[in-house]
Amino acid sequence: MLPLLPPFARSNTGSRRLLAGLVTGLLLGSSAIASAQQAPPPPSVAPTAPGLSAPDSAPPPPLPAAEVPPVAQAPAAPASVPELITQVEAGDIEALLPLALAYRSGTGVEQDLNRAAELFTQAAQADVEGADAALVGLGYTIKAGNGVPADPVRASQIFQSAVDAGVAEALLPLGFAYRSGEGVEQDLNRAADLFTEAAQAGIEGAGGALVGLGYAFNSGNGAPQDPARATQLFEAAVAADIPEALLPLGFAYRSGTGVEPDIDRAIELFTAALDAGIADAGGALVGLGYAFNSGTGVPQDRARAVGIFQAALDAGVNDALLPLGFAYRSGNGVEQDVDRAIALFTQALEAGVEGAGGALVGVGYALNSGEGVPEDPERAVAIFNLARQAGAPEALLPLGFAYRSGKGVEQDVDRAIELFVEASRQGVEGASGALVGLGYAFNSGNGLPRDPARAVEIFKTALDAGAMEALVPLGFAYRSGNGVRADSKTAIDYFRRAAAQGMEGGGTGLRFVDANAYVSLLQEELIARDLLSGTPDGRANQRTIRAFLQFCRQAGIERVCQKGPLDPDAIEAVIKELAGDA
């Protein structure tokens with residue numbers, strides 16, 4: 001084994017050519033070195049000057065001294081391994097790396113990874129370019145068993161040698177070895193020190209490794225649970241400018257886990273994480289605002305909550321728009337300002353914040369009723385329109401009611417119908433009922449001029465928009481001829497569909513229009529449940545009654561069925577059970 005080389009001057013140009021030659025040889029294979037060793041010597045005669053041709057018998061006349069071209073030199077042959085050994089023994093540091101590569105690959109010499117490691121280490125200590133990466137790469141090769149027997153212990157030794165030689169790139173793999181205990185006795189504190197040093201040296205991946213170890217200590221997953229140690233690691237990572245540590249450190253200061261609680265410090269860290277583009281940092285900051293607003297885990301301080309929401313909003317966190325808007329609407333922690341609340345809710349709606357549409361519509365409802373704010377129906381309608389234009393379907397229903405009643409806007413039933421239909425098609429809860437309710441109002445003259453024909457039109461419009469509630473009133477309209485020509489067949493169809501949907505009144509209406517049609521429907525359902533055999537015939541015979549009672553017993557409604565299958569109460573109970581089974 002060669003001793004560590006003393007410091008000396010960098011090698012001359014010739015040794016650099018030797019380095020380049022051997023590295024080329026290692027890349028091309030041992031045959032390249034062998035052929036290079038047999039290369040002919042450089043020519044001793046200068047070539048013919050450009051543009052001149054020599055006569056057969058005599059050389060050309062000499063050119064002036066200043067114009068004589070340089071003698072061409074043949075490329076230097078790569079040094080052989082014995083030559084490299086000689087150069088290393090003579091103190092040529094540039095020969096260390098190519099000789100180490102030769103021992104690593106077994107090119108021109110028997111493979112010897114231990115000798116390669118020694119030479120790589122000496123080269124790294126002598127600051128030979130490329131030696132650091134070569135040494136660490138050898139460690140990774142031996143650890144993984146890539147082309148050589150896997151040996152985690154030897155790999156860890158090589159990483160340690162590299163660290164001792166000042167190779168920063170070895171800090172990370174050595175840290176992982178100490179964290180996992182692979183090739184070395186597990187030592188999480190040593191791993192933490194190595195990760196910290198690697199992070200401070202700017203090694204890629206070191207920050208994540210350090211923060212990951214912090215999470216392990218914090219949760220006890222893969223390390224003894226030690227929140228204080230976790231916080232120390234997060235602090236070290238933040239000090240090394242690792243942005244991933246800002247969020248967990250902020251949570252530690254917020255909750256007082258492993259460190260004394262310090263809300264101001266938590267806010268600083270969350271804000272810094274937000275500025276660094278860390279995912280969830282905005283949510284963490286807004287969450288802290290919610291905590292102050294409700295007094296969850298911290299003393300309740302709604303003014304402080306508003307300040308945090310505003311700081312988050314100023315940093316571009318859209319999730320702060322909604323809680324800040326609610327604060328201005330209610331005057332919690334800040335002077336009430338409905339206009340500011342509307343502006344914030346509108347901005348939230350345009351930004352796609354969940355719940356913003358409902359919040360804006362809620363302000364409209366408050367203004368419409370005077371709940372918590374001065375009553376102003378016209379302003380309410382303006383807000384409903386604003387919310388609708390911004391894409392909030394929740395605004396369709398109250399806007400429709402405004403046009404139906406004429407509160408805050410000129411009454412316009414046609415416009416109300418359009419809005420109810422649109423709301424129903426968008427699945428707004430209550431929209432179908434509102435549209436059907438408008439039909440009932442026209443049918444009865446309750447709050448509107450009585451117009452049964454218009455009522456039927458509205459019921460049909462509602463049904464087209466998916467409002468199944470319109471089936472029963474349409475059935476009754478066709479049964480009685482109220483607003484439309486009486487048509488029992490059409491009435492039966494509407495009632496039958498309503499009964500199949502479990503609509504109250506569907507089965508009863510069908511029974512009153514055509515008892516046989518209802519019994520036939522009942523028989524179909526009993527046959528489908530294997531309680532009755534044969535073909536539906538619409539007759540309430542003994543077989544049908546027995547199957548009917550058996551169904552009632554199974555459904556737990558035997559008592560209501562005692563009056564028979566055509567009793568109105570029994571019909572409604574059976575229809576409800578049949579729809580529930582479907």
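User: How do I read a contact such as the one that links R304 and D264?

Analyst: Side chains of opposite charge can pair when their charged atoms come close. A salt bridge here is a side-chain nitrogen of Lys or Arg within 4 Å of a carboxyl oxygen of Asp or Glu. R304 and D264 form one, with N to O at 2.5 Å. R304 sits in helix α15 (residues 302-314) and D264 in helix α13 (residues 263-275), 40 residues apart; helices are DSSP runs of H or I, at least four residues, numbered from the N terminus. The model is predicted: local features need pLDDT of at least 70, side-chain atom pairs count only at pLDDT 80 or more, and totals for chains, interfaces and linings use all residues. Residues are numbered from 1 along each chain as its sequence is written, and side-chain values use heavy atoms, leaving out hydrogens and water.

User: Which residue does E422 pair with?

Analyst: E422 pairs with R388, their closest N and O atoms being 3.3 Å apart. E422 lies in helix α21 (residues 413-425) and R388 in helix α19 (residues 377-389), so the bridge ties together parts 34 residues apart in sequence.

User: Where do E418 and R415 lie?

Analyst: Both are in helix α21, three residues apart, about one turn of the helix.

Terms used: Helix = DSSP H or I, 4+ residues; strand = E, 2+ residues; numbered from the N terminus.
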